[in-house]
Amino acid sequence: MKLDVCFSPDLLPLYDLRGKVAVIVDVLRATSTIVTALAQGVTEVYPTATLDECAALGREQGCITAAERDGVAAAGFDLGNSPFGFLDGKLAVQGRALAISTTNGTQALRRSLAAQAIVCGAFLNLSAVADFAVAQGRDVLVVCAGWKGQFCLEDSLFGGALAERLATFGFDIASSDAALAALHLWQDARPTWPHYLLQSAAVRRLNALEAHDDFTFCMNVDTHPEILPLWRGDRLVRG
Ligand code: MLT
């Protein structure tokens, strides 16, 4: 089996997703938030491309709605895209469905539906994703959500961390320059990680929004090794 890394959803047309496991990653913050939501008892997650679809699911199916654009919580929705929205107890989330729309993360997922299996990855559930990939025994494509088509450090580092893990199970990393680059980036960054990410654009954006705690939270590794957001039909459920 082979692991490859797609550094931006805009590069997806260059990849063949058929037969593969797609790991959608938006560490800051969409996939970290989805992992947290499922861990707090949300039953299913509808990732939508548009705010209108997200709002409609809230109206018609009574879902919790969470939406963000450019990092800022969108007006008229229950929550923004902070994992703390599912942790602070202000909104009852257990046993409810969630509709979520974000600038990059949910778009990346919607553009990866040709894959055989689709899961969401974050540092919070790194082991769940690695275990799933090993059990599937298929090629893996890490789809980095990035930022508006551009490369981002945090998703690429996750790709490298997953590559390092899967290499120990015999996955071929070396035949993809992208996978090798992600692996080397992770190995270079690890001694000072997560401090290394303080210089990233995503952390600067979160700091400007006074959401530095979100960054700190999303850097925890394997807080939820049991949570695997898995695509089933038209939604994510716990795998
Ligand atoms: C996204 O999907 O673009 C992100 O998760 C943005 C954010 O909320 O920080």
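Start by selecting strand S6, residues 97–101: five of its five residues are buried, so the rest of the structure largely encloses this strand. Keep in mind as you click around that this is a predicted model.

Now show the side chains of S6. In a regular strand, side chains alternate between the two faces of the sheet. Here Ala97, Ala99 and Ser101 sit on one side, with Leu98 and Ile100 on the other, and all of them are buried, leaving both faces covered.

Strand S3 (residues 44–47) pairs with S6 in the parallel sense through four bridges; look for Pro47 opposite Ile100. Then bring up strand S4 (residues 64–69), which also runs parallel to S6 and is joined to it by four bridges. Here the pair to find is Ile64, standing opposite Leu98.

Hop over to helix H4, residues 126–136. Its buried residues are Leu126, Ser127, Ala128, Val129, Ala130, Phe132 and Ala133. Colour what they pack against: strands S2 (21–25), S7 (117–121), S8 (140–144) and S9 (229–232), plus helix H5 (153–167).

Last stop: the largest nonpolar core, which has 79 residues. Pick out Leu3 and Leu162, the two that touch the most other members. Leaving aside residues up to four places away in sequence, Leu3 touches Val140, Val142, Leu162, Ala163, Leu166, Phe171, Asp172, Ile173, Ser176 and Ala179. With Ala97 you're back on S6, where the tour began.

Technical notes:
Residues are numbered from 1 along each chain as its sequence is written. This is a predicted model: local features need pLDDT of at least 70, side-chain atom pairs count only at pLDDT 80 or more; totals for chains, interfaces and linings use all residues. Side-chain values use heavy atoms; hydrogens and water are left out. Buried means under 20% relative accessible area, exposed over 50%, partly exposed in between (1.4 Å probe, protein chains only). Helices (H or I, at least four residues) and strands (E, at least two) are DSSP runs, numbered from the N terminus. Contact means heavy atoms within 4.5 Å. Two strands pair if DSSP finds at least two bridges between them. A nonpolar core is a set of buried Ala, Val, Leu, Ile, Met, Phe, Trp, Tyr and Cys residues joined through side-chain atoms within 4.5 Å.
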